[in-house]
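Q: I have a structure open and I'd like to go through it slowly. Could you help me read it?
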Amino acid sequence: MALKPQNKKHRKQIIAGTVGRDKGHSFEKEITETINSLSIDQLCHLEQVDLEQVIFNGNPAFLLLSYIFTDLSVSCSSIISITAYWLGGLATSGKGDVLQLPNGHNLKSSKSDILIRFQYKDGSIKDVGVSIKTCNNKTPTNAQLYFTTASAFCKLLRDNNIKVTVEAEHAMKMFCGDVGYRPADMIDVSKRKSDPDRWFWEELPQKEKNELEKMFIAQQDGISEVLFKKAYQNDPFPPDYVFHQTRKCENINNVESAIFSIDKLLKLSKKYSGFDLRPYTVKKGRFRGDPNIHLAPRFGVIQMQRGGQKQHPTQLQFNLKAGYFYHLRDLS
């Protein structure tokens, strides 16, 4: 659904977001088309890559295939064909390749932006999903990982066997500013310096806050995997790899990219950092005069915050730390 601009500034933000999304989709489509243009002979000449590396330079389609071939020990002599499907636009714009599921319905959405289907000479088929992240700035910026509501996030965790109590869910609603859980709904906010429409992490009830923090500490790997792979319910093609264009590049044959299997990314993320709280002050917006120091929760390379957008003010947003791949490169 198209967003309705609230004012000129919001309109510009919507346009910028749409342009960025379209650039990302164009990048995904170009990788897909390049993969589909390759012959078996070209596939047989792909070079092996060092899987200990994180950052690579070159044509993204060739880099991605080389990484997957190396990681899965794929022999081109055993392959009949490789077909790539662009899925990235299905959920956001209804655009993408038509891919029919076994039930006869067409795929509507997937956490994988590209699906690569290997068909082997023995008749077997292997599907490999890839999540694509793009950056078209000179320096890396935060990359959105998942955007949802407090209740939907808690349900997603429960659906994946991660326990979240009703009380902890209420605390998450307070953090997001759901109607009925805002400071304005619960206390006199006439003298409040901070945003009256949401509670900050350090303001949550102590018992529930402790419960949430213990959950993120104990279940960091599981929660991270859910965010990377299981955001869409009953997704038949959850991603196995992440391919991240690190910054703007003018030449498609010399794109700097970070590539991970998701299993490797989860391990490196945990190695980088456990759950912690980063202090910050409000420096922009309506409450930039807020004198309080607030705490932002994060775990590994994943940052969690209230979205606060005009159209969806109570959304829960998970981002990848800007330049996270450079930090993980030093740990690999």
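A: Let us begin with a term: a polar contact is a pair of N or O atoms within 3.5 Å, where within protein one must be able to donate a hydrogen and the other to accept it, and residues adjacent in sequence count only if both atoms are side-chain atoms. This is a predicted model, in which local features need pLDDT of at least 70 and side-chain atom pairs count only at pLDDT 80 or more, while totals for chains, interfaces and linings use all residues. Residues are numbered from 1 along each chain as its sequence is written, and side-chain values use heavy atoms, with hydrogens and water left out.

Q: OK, so what does the side chain of Gln245 reach?
A: The side chain of Gln245 reaches the backbone oxygen of Cys135, at 3.3 Å.

Q: And where is Gln245, buried or exposed?
A: Gln245 is in strand S6, where helices (H or I, at least four residues) and strands (E, at least two) are DSSP runs numbered from the N terminus. Gln245 counts as buried at 4% relative accessibility; buried means under 20% relative accessible area, exposed over 50% and partly exposed in between, with a 1.4 Å probe and protein chains only.

Q: Which residues is Gln245 in contact with, leaving aside its neighbours within four places in sequence?
A: With those neighbours left out, the contacts of Gln245 include Phe27, Lys133, Cys135 and Val255, contact meaning heavy atoms within 4.5 Å.

Q: What sheet do the six strands form?
A: The six strands form an open sheet with mixed pairing, in the order S1-S7-S6-S4-S3-S2; two strands pair if DSSP finds at least two bridges between them. Its edge strands are S1 (55-58) and S2 (79-86), each of which pairs on one side only. The twist averages 25 degrees from one strand to the next, with axes being lines fitted to C-alpha atoms, for helices over the stretch in contact, and angles running from 0 to 180 degrees between N-to-C directions.

Q: How do S2 and S3 pair?
A: S2 and strand S3 (residues 114-120) pair in the antiparallel sense over seven bridges, and Ser81 stands opposite Gln119 in S3.

Q: Which helix packs on the sheet, touching S6 and S7?
A: That is helix H10 (residues 262-272), whose direction makes about 90 degrees with that of S7.

Q: New topic: how many aromatic pairs are there in the whole structure?
A: A search finds 13 aromatic pairs, where rings of Phe, Tyr and Trp (its six-membered ring) pair if their centres lie within 6.5 Å, and planes under 30 degrees apart count as stacked, over 60 as edge-to-face and the rest as tilted. Phe27 and Phe243 form a tilted pair, 6.3 Å centre to centre with 35 degrees between the planes. Phe27 lies in helix H1 (residues 8-37) and Phe243 in strand S6, so this pair ties together parts that are 216 residues apart in sequence.

Q: Are those two buried or exposed?
A: Phe27 counts as buried at 9% relative accessibility, and Phe243 is buried too, with a relative accessible area of 0%.

Q: What about the sheet of five strands, what is its order?
A: The order is S5-S11-S10-S9-S8, in an open sheet with antiparallel pairing. The edge strands are S5 (143-148) and S8 (275-280), each pairing on one side only. S8 and strand S9 (residues 294-299) pair over six bridges, and the bridge partner of Leu277 in S9 is Pro297.
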